[in-house]
Every structure is written in C-alpha cells, then in structure tokens.
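Have a look at the sequence and structure before you start.

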Amino acid sequence: MTITIERATLQTPKARPAARGRLEGKVAIVVGGGQTPGDTIGNGRATAILFAREGARVLVVDRDRRSAEETEGMILSEGGVCRATRADATNEDDCRSVAEKCVAEFGQIDVLHNNVGIGSADNTVEELSEEAWDRIYDVNAKSVFLACKHCIPAMRAARSGVILNVSSIASVCASQVSAHLTAYKSSKAAINALTQGLAIANASYGIRVNAILPGLMNTPMAIESIADRLQIDKAVLVRARDAMVPLGAKMGTAWDVAHAALFLASEEAKFITGALLPVDGGQSSRIG
Ligand SMILES: NC(=O)c1ccc[n+]([C@@H]2O[C@H](COP(=O)([O-])OP(=O)(O)OC[C@H]3O[C@@H](n4cnc5c(N)ncnc54)[C@H](O)[C@@H]3O)[C@@H](O)[C@H]2O)c1
C-alpha cells in the first residue's frame, strides 16, 4: 500500500499570530473584588487580576473603597485596564448604579462575577439570631439577585453575556461543621437554584449563567477570619484544613477559583450553562 503525505502537511507552519487574551475585548464586573486583609490573595481579587491579564477591562466593586482601589492599583501596575468603585451589593440603588457606571465607562457588560459572601455570626439553628440569618442571606443571596437584575438588561440587549456566581461546596454536602453553617449553607444553595433558573431563563438571549463551588481555599477570608474568630493559631488551622482535602492534602488557592472563572467566562465554555462547578480538590466527592 502506498501512503501519500499531502504536501501541505510537510510545509513549515506559518508564524502564529500574537496570542490574544482569552477575554480580549470583554468588559467584566467583579462584585467583591477587594479582599479581607491577610497573607494570601482573596478569590475576588485574584479573579479580577486574571480577567485583566486575559484582556478584559474590569470594574472592581466593593463596599470597602480602599480595598477595591488596591485591586485597581495592582491591575494598573501590570498594564491592565480597571476602574474601582464603592458599592454595597445588598443595596438596589448601588447595584443599579454599578451597571450604569459600567456601561457609561466601558460601553458594555460582558461578564458579571458575583463573589461577595460572608459567614460571620452563623450558627446552629437553635443558636442563630434572626439578624445574622437576614444579614448572611442579604450578602450571599440578595446581592446575586440585585446584581443580575441590573446587569441582565444590558446583556439581553447585546444578546450575549456571562454570569458567574460564587457559591460553595457547603451548598451541596454536609459534615459535622455544617451544623454551624445554617444560613451560609442554605444561602449558597439559594445561589445554585438562582443560577439554574437564570441559566434557563436567559439561554435564548445567549447569556450563560454558571456557579463556582469552592471547597477549602487558603484565603484570608477563610484563614485569618476563622483563626481570629476561634482564637486559634493560623498554622494549626491551615494544617487541619489541608488534611481534609483529598487531592494532595492541600487547600486550593484563590488562583484555582480565578482559573475556573476564567474558563467559564471564556469562549471555551460557550456550551456550558447552568453548571455548578466544584473547585475543591475532590472534597465534595468523598464519602466518609
Ligand atoms: N475561602 C474559602 O475557603 C471559600 C470557600 C467556599 C466559598 N467561598 C466563597 O468565596 C467568596 C469570597 O472569597 P474571597 O476570598 O474573595 O473573600 P474576601 O472576603 O477576601 O473578599 C470579598 C470581598 O467582598 C466584599 N464585600 C462583602 N460584602 C459586600 C457587600 N455587601 N457589598 C460589596 N462588597 C462586599 C468585602 O469587602 C471583600 O473585599 C465568598 O462568596 C465565599 O463564600 C470561599
């Protein structure tokens, strides 16, 4: 048998065009793009930085103006395009003005990344105060509703868009610790339900909606905040959390969440909507 090799396959490939960022030409809003102070980087800040590195123009939103401006400074120092703005994600007027500001400044909203989330003052059902329940639901779930409410019209008009909601594996599995996560766990489950509902309601407009479910991540929100609250040594807490992770016996970092967000925001994920993606080193798959 004679095997013919096409001439074309033997030719030296032409020089590749310069690599373009995976979010080139896109505009992203990162709600909760500042961070809890600490030794490591937070999920929201890492995501804002990675989006900018991949070519997106980023509007960083945080109730802590100084922290949002820190993220902005980091992005600008790398040559990225970013604006910071202060807003409370639980306040409807603030969310409306964030959407308006993004369109006025950058002309469009391609990606909405909803990162804010708290668990402080959570407790068992018997011990949890009504005030803490309401506060956690406002920050974790109402913030997603309000941001989506005010960003979706611009996305529908453009007949495209990506919404990413940061949930948690706590929303889909439980352990002894979960007894103290009454409001956190159930408010994150509300985000999952909202994600699926929004995905179907907006599919015909070309808008994709997905949730990221981080597991144990080595971020200041998890380490510094919990160590302070429980009055324990940070190193002890890190060791205990590392030991719970099946993959490599080590927590993930904010960059793991950021890379999942980048993939879901990019064209590579163009057939993915309504997904609840664990980023957890296998923790949510383990029985016992
Ligand atoms: N670190 C983990 O182990 C872990 C695990 C599962 C899920 N998560 C989720 O990751 C997200 C947070 O990660 P992070 O590392 O970026 O936390 P972070 O605390 O460092 O950053 C969150 C930012 O949101 C801001 N914020 C809080 N409430 C706000 C409000 N009402 N309006 C505007 N801004 C507000 C804070 O000021 C902060 O800068 C949360 O949704 C959290 O539930 C984290």
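This is a predicted model: local features need pLDDT of at least 70, side-chain atom pairs count only at pLDDT 80 or more; totals for chains, interfaces and linings use all residues.

Residues are numbered from 1 along each chain as its sequence is written, and side-chain values use heavy atoms, with hydrogens and water left out.

**Exercise 1.** Work out the order of the strands in the sheet.

Solution. Strands are DSSP E runs of at least two residues and helices are H or I runs of at least four, numbered from the N terminus. Two strands pair if DSSP finds at least two bridges between them. On that basis, 7 strands make an open, parallel sheet ordered 3-2-1-4-5-6-7. Strand 3 and strand 7 (276-279) are the edges, each pairing on one side only.

**Exercise 2.** Which strands does strand 2 pair with?

Solution. Start with strand 1 (residues 27-31): it pairs with strand 2 in the parallel sense over 5 bridges, and Val31 has Val61 as its bridge partner. Next, strand 3 (residues 81-86) pairs with strand 2, also parallel, over 6 bridges. Here Val61 sits opposite Thr85.

**Exercise 3.** Why is strand 2 (residues 57-62) largely enclosed by the rest of the structure?

Solution. First, buried means under 20% relative accessible area, exposed over 50%, and partly exposed in between (1.4 Å probe, protein chains only). Now count: 5 of the 6 residues of strand 2 are buried, so the rest of the structure largely encloses this strand.
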